[in-house]
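Q: Before we look at individual residues, could you show me how the features of a model like this are read, one kind at a time?

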Amino acid sequence: GRDHGDLSPLRRSSLETREKEIREKGSEILREQLDAAKKELKLKDKECERLSQVRNQLEQELEELTASLFEEAHKMVREANVKRAAAEKQLKEAQGKIDVLQAEVTALKTLVLTSTPSSPNRQLHPQLQPSTTRATHKHHGHSRNKSLSGTRPPPPGPAGAPVSQEERELDSVLYAEFLLWKEKPSLDHSSAFLSRVYREDVGPCLSFARSELSQRVQSAVVNNSLTIEPVAVSGGPLVKASAAAACGGPKKCALSGMSRLCRHRIKLGDKGSYHFISPSSRARIAAVCNFFTYIRYIQQGLVRHDAEQMFWEVMRLRREMTTARLGFYTPDQA
């Protein structure tokens, strides 16, 4: 005020006007800044609100995901426990079955350990029981015998009958071949022992007039897929007339081609036709089956005899093949 008092009225009025303009301009700038600050604050409020919504949504999704994961984890644990309980139950049942099977195998081995074609176990072969007890083992229909089971050996002689004395001498070459085969027993022709048996016994014993069928029979015997069963000779024809020539008939042997009363028939494998065979042909097939039965017993470790006893049993079976090949057979083989 003192400064304005020293100035002229015109000068003072000009200064006041300028001061007023400056104040108004300053106020306008401040209002603009205030408006800008308010706008920026509103934008920040909106951004904060949006971020808050995003945070709430993420927290909700996280909670739902956590709950879902916990529920899935509990479900997996429950399923794992159920599966483990089921597996433990199955394991326990399987162990029980294994124990039963092992007991059955042990019992079966006990039966077959000393069962050979020359001295069969009577519990394993009920057909060898006396006629008074054998009736309990009969069943209806035709009986089927696979080549592994062999055939019925001749019955023992009457009580008091003289026992024939037979001298024998071990052949060192044959025995050496047998011992070499016994180290790694098999059914192929690679060993000298079986190669000799195939050449000298099996081949000639199963060599019939019908060569093609003979070869098929030999293969079936070796593969244990031959079936022998009795037939009712008094009944009607079992095959059609068109098949009679190829398969033989009740009065014609399919292997030898000779007219003979055929009481048995064979089938090669699970499929195919039956072939009627004569008693002599059946005896020859049975002799070879008995040999392979005993060989398989040795291969499976079911024979507990010493090597020399096994060798002499093999020699006896080879002699049976030779005898059958020459046409000799007992009435019970008919």
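A: Let us begin with burial: a residue counts as buried when its relative accessible area is under 20%, as exposed when that area is over 50%, and as partly exposed in between. The model shown here is a predicted one, and in its protein chain of 334 residues, buried residues make up 28%.

Q: How many helices and strands are there in the protein chain, and in what order do the elements run from the N terminus on?

A: The protein chain has nine helices and four strands. Read from the N terminus, the order of these elements is α-α-α-β-α-α-α-β-α-β-β-α-α.

Q: Which residues gather in a patch of negative charge on the surface, and which gather in a patch of positive charge?

A: The patch of negative charge on the surface consists of E21, E24, E28, E32 and D35, while K38, K39, K42 and K46 gather in a patch of positive charge, likewise on the surface. To place one member of each, E28 lies in helix α2, and K39 also lies in helix α2, which spans residues 9–112.

Q: Do E28 and K39 count as exposed or partly exposed, and why?

A: Here the cut-off of 50% decides, because a residue has to be over that value to count as exposed. K39 counts as exposed because its relative accessibility is 59%, whereas E28, at 41% relative accessibility, counts as partly exposed.

Q: How many aromatic pairs does the structure hold, and how is the geometry of a pair read?

A: The general idea is to look at the angle between the ring planes: under 30 degrees the pair counts as stacked, over 60 as edge-to-face, and the rest as tilted. The structure holds eight aromatic pairs. In one of them, the ring centres of W181 and F193 are 5.1 Å apart and the planes stand at 45°, so this pair is tilted. Because W181 lies in helix α4 (residues 172–183) and F193 in helix α5 (residues 192–205), the pair ties together parts that are twelve residues apart in sequence. Both W181 and F193 are buried. The aromatic pair of F291 and F292, by contrast, is edge-to-face, with 5.4 Å from centre to centre and 80° between the planes; both F291 and F292 are buried as well.

Q: Which residues form one aromatic cluster?

A: W181 and F193 return here, for they form one aromatic cluster together with Y175, F178, F311 and W312.

Definitions and conventions. Residues are numbered from 1 along each chain as its sequence is written. This is a predicted model: local features need pLDDT of at least 70, side-chain atom pairs count only at pLDDT 80 or more; totals for chains, interfaces and linings use all residues. Side-chain values use heavy atoms; hydrogens and water are left out. Patches are made of residues with over 30% relative accessible area and no salt bridge: like charges are joined within 9 Å, nonpolar side chains (Val, Leu, Ile, Met, Phe, Trp, Tyr) within 5 Å. Accessible areas come from the Shrake-Rupley method with a 1.4 Å probe; for residues, only the protein chains shown count as cover. A salt bridge is a side-chain nitrogen of Lys or Arg within 4 Å of a carboxyl oxygen of Asp or Glu. Lys and Arg count as positive and Asp and Glu as negative; His and the chain ends are not counted. The place of a charge is taken as NZ of Lys, CZ of Arg, CG of Asp or CD of Glu. Helices (H or I, at least four residues) and strands (E, at least two) are DSSP runs, numbered from the N terminus. Buried means under 20% relative accessible area, exposed over 50%, partly exposed in between (1.4 Å probe, protein chains only). Rings of Phe, Tyr and Trp (its six-membered ring) pair if their centres lie within 6.5 Å; planes under 30 degrees apart count as stacked, over 60 as edge-to-face and the rest as tilted.
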